[in-house]
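Please work through the two exercises below with the sequence and the structure open beside you. Each task is followed by a solution in steps.

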Amino acid sequence: MTDYTDHNPTDTGLTATTACVAIVDDDDDLRESLIWLLDSVGLRTRAYASGDAFLDADPQQHDAILLDVRMPGLSGLQVQQRLQGLDTCPPLIMISGHGDVSMAVAALKAGAVDFIEKPFNQQQLIDIIQQALVIQRERLNRQQRLSGLQQRYADLRLKEQQVLKEVARGYTSREIAQHLELSAKTVEVYRQRIMKALGAGSLAHLIRLSVALELVDTLPDQQTPES
């Protein structure tokens, strides 16, 4: 059997057919079993017989990763370490044998979303994968919102960008007017334009958007805002 298998079943409604799950395991029978299982619930898969084969492909083309802890060549932990160098890493689920629990716990501490022991309960595995796909969808949605926000900021006039930075730093309209050699009324006009362009419903919302744009330091307990 080859190192790489691309299998794309018909969607059964459990998840979107665009989602792709990587299966990285040196056990041929287990890979085939996992392909069949995920196929049966409408999940698209790509299977790899080694960590090296997986890393030679583009890991970021997957939406979740099933990764065996113990394999010839690169171990699951070593693969995970390589993945941490990526800009974004899909949610990682470790597959461990009975003697590999300590390694799986180490993987969790390094950012894996879960681990499952062999032999595993099929429904439990499907549920864990579905949770990982939800995490990935939410992550992609956040990235998409942030990208749109960054574009709207880039579309602002230079003076508007300057006013936004001053607003985000907590300066009043009068202070901003002095700093930028504008009238206070002009600053207010700019601020209203900025809020409309960025979709901010309030000054607090505008500040949160400024934090997301990294115009000011992150606030305590700050979450990525909706844009």
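The model is predicted, with local features requiring pLDDT of at least 70 and side-chain atom pairs counting only at pLDDT 80 or more, while totals for chains, interfaces and linings use all residues. Residues are numbered from 1 along each chain as its sequence is written, and side-chain values use heavy atoms, leaving out hydrogens and water.

**Exercise 1.** Determine whether the residues of strand β4 (residues 64-68) are buried or exposed, and find the strands joined to β4.

*Solution.* Begin with the side chains: A64, L66 and D68 point one way from β4, whereas I65 and L67 point the other way. Five of the five residues are buried, so β4 is largely enclosed by the rest of the structure; buried means under 20% relative accessible area, with a 1.4 Å probe and protein chains only. Next, four bridges join strand β2 (residues 20-24) to β4, and these two run parallel, with V24 standing opposite L67. Finally, four bridges join β4 to strand β5 (residues 92-96), again in parallel, and L67 stands opposite M94 of β5.

**Exercise 2.** Describe how helix α8 (residues 184-198) crosses helix α9 (residues 203-212).

*Solution.* The two axes, which are lines fitted to C-alpha atoms over the stretch in contact, come within 11 Å and cross at roughly 65 degrees. That makes α8 roughly perpendicular to α9, a term for angles of 65 to 115 degrees. The contact (heavy atoms within 4.5 Å) is made by R191, I194, M195 and L198 of α8 and by L203, L206 and L209 of α9. By class, six of these residues are nonpolar, none is polar and one is charged.

Terms used:
Axes are lines fitted to C-alpha atoms, for helices over the stretch in contact, and angles run from 0 to 180 degrees between N-to-C directions. Angles under 35 degrees count as roughly parallel, over 145 as roughly antiparallel, 65 to 115 as roughly perpendicular and the rest as oblique. Ala, Val, Leu, Ile, Met, Phe, Trp, Tyr, Cys and Pro count as nonpolar, Asp, Glu, Lys and Arg as charged, and the others, Gly among them, as polar. Buried means under 20% relative accessible area, exposed over 50%, partly exposed in between (1.4 Å probe, protein chains only). Two strands pair if DSSP finds at least two bridges between them.
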